[in-house]
Amino acid sequence: VSTQSTGVFLSVSMTPQVLVILGAQWGDEGKGKLVDLLSSEYDICGRFNGGANAGHTIVVDSVKYAFHLVPCGILHQNTMNVIGNGCVVHIPTLLNELDQLDKKGLDYTGRLLLSDRAHLVFEYHLDIDGKREEGRGSEKIGTTRRGIGPTYSDKMNRIGIRAGIFRNFDPAKLQRELEKALSTHKKTWDLNFDVATEVQRYTEYAKRVQPFIQDTISYINKNLKEGKKILIEGANAAMLDIDFGTYPYVTSSSTTIGGCSTGLGIPPSKINCTVGIVKAYTTRVGAGPFPTELLDETGERLRKIGHEFGTTTGRPRRCGWLDLVVLKYSHMLNDFNYLNLTKLDVLSGLTDLKIAVSYKLHGQTLESIPSDLEELGQVDVEYVTLSGWTEDLSSCRTFQSLPAAAQQYVLFIDNFLGVKCRWIGVGAGREDMIDRGAQ
């Protein structure tokens with residue numbers, strides 16, 4: 001995502017007090033761009049799920065910032081940034097991100113908070129993640145191997161270690177907690193992990209991390225009562241949700257609207273507006289069913305023109321046609337008020353554009369996404385075909401300035417889902433975004 005620091009040119013009419021931005025497909029939809037565009041309108045920008053398995057790049061005045069843990073709002077000097085209790089945090093990665101901000105002269109003093117309830121990712125979590133993936137043989141999930149799943153497992157098994165340990169840091173307490181967790185893991189895994197060395201490292205980390213530690217649940221709700229505005233930044237996407245996604249080819253957290261409440265401590269009734277980020281085609285990273293995948297030159301074209309390589313792993317993304325069955329399911333889960341359709345410009349030059357509108361299994365039309373992945377892998381996809389366009393969209397700034405065929409593509413999505421594609425991305429820059437307005 002490329003942006004310019006020329007001031008926000010977009011804003012939400014009657015800016016909602018609590019705005020949520022979520023991925024609506026399999027991730028990598030371009031969530032960071034809209035978060036960056038809108039976060040200057042907000043007092044607080046918060047992450048509620050995941051860890052360093054998420055990633056996006058933002059360029060401001062030709063300076064590139066790569067984020068994996070720090071919320072995008074850090075680029076705006078008036079925005080407080082919160083890493084919520086639902087996140088899992090690898091402290092070395094967090095500090096590396098902050099070091100990069102220091103080198104680039106970005107002042108974040110007093111603008112980053114880390115929930116004392118967020119769980120910590122240690123090196124043995126990364127080790128276990130890699131060993132588990134290798135042990136799956138030909139049935140690999142495609143994990144980023146960032147230790148996310150094992151850390152959430154420890155959380156559920158009640159042997160996790162939370163960031164609150166930094167508040168009144170006691171090396172002996174950390175050593176006891178690590179030994180307790182490892183006593184469980186070593187029954188299963190051959191781990192090369194030195195507790196004393198880790199304690200020494202975290203004793204040094206504590207000096208930097210302690211100022212960030214906060215009861216973020218009280219902090220956020222206090223600010224809500226004072227009328228402050230909060231932008232909630234989702235990581236990953238609906239089809240990677242631990243409950244609702246294509247399990248087991250999913251992430252380990254709640255990526256949908258419910259995760260906002262459990263991962264930040266915000267009551268559901270306080271959420272005013274939810275925006276789904278939708279790529280104009282479909283991509284996914286890693287293994288698992290992908291009904292509209294293109295294994296031909298069109299898929300390769302989308303990958304090349306769309307620069308479809310992971311920010312976190314660098315892996316090439318699998319590409320396919322837009323799937324409205326997936327988006328209908330995602331909308332059912334999240335009840336989007338608006339959509340942000342990204343990368344419409346990537347489709348320029350294709351003669352015909354297919355959009356998936358239904359799945360059939362054994363001749364019967366399915367009402368939703370099946371939970372059984374064997375069934376999902378066997379569906380027959382029904383498409384509609386729309387005309388493509390050849391024009392370069394990067395200079396378009398209004399909906400009416402888009403080619404007629406591109407307008408029809410957008411309107412088809414609007415009408416099928418019953419949700420307006422309010423924002424339309426037509427290029428990499430901040431200025432390359434059409435806002436169709438709230439009505």
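In which handedness of crossing does H5 pass H6? The crossing is right-handed, a term used when the near helix is turned clockwise from the far one by less than a right angle, anticlockwise being left-handed. The model is a predicted one, in which local features need pLDDT of at least 70 and side-chain atom pairs count only at pLDDT 80 or more, while totals for chains, interfaces and linings use all residues. Residues are numbered from 1 along each chain as its sequence is written, and side-chain values use heavy atoms, with hydrogens and water left out.

Two packed helices are described by the angle between their axes and the distance between the axes. For helix H5 (residues 171-185) and helix H6 (residues 195-209), the axes come within 10 Å and cross at roughly 135 degrees. Here axes are lines fitted to C-alpha atoms over the stretch in contact, with angles from 0 to 180 degrees between N-to-C directions. H5 and H6 are therefore oblique to each other (under 35 degrees is roughly parallel, over 145 roughly antiparallel, 65 to 115 roughly perpendicular and the rest oblique). On the H5 side, the contact (heavy atoms within 4.5 Å) is made by Pro 171, Leu 174, Gln 175, Leu 178, Glu 179 and Leu 182; H6 contributes Val 195, Glu 198, Val 199, Tyr 202 and Thr 203. By class, this contact of H5 with H6 has 7 nonpolar, 2 polar and 2 charged residues (nonpolar: Ala, Val, Leu, Ile, Met, Phe, Trp, Tyr, Cys and Pro; charged: Asp, Glu, Lys and Arg; polar: the others, Gly among them).

The contact of H3 with H4 divides into 4 nonpolar, 4 polar and 3 charged residues.

About 50 Å³ of space lies in the largest cavity. Strand E5 (63-67) and helix H2 (91-103) each supply at least two residues of its lining, and E5 gives the most, with 4 residues. Among the lining residues are Tyr 65, Phe 67, Glu 97 and Leu 101.

Technical notes
1 Å grid on protein atoms, 1.4 Å probe; cavity = no way out; pocket = protein on both sides within 12 Å on 5 of 7 lines; lining within 4 Å. Points joined across faces, edges and corners; volume = space filled by probe spheres on them.
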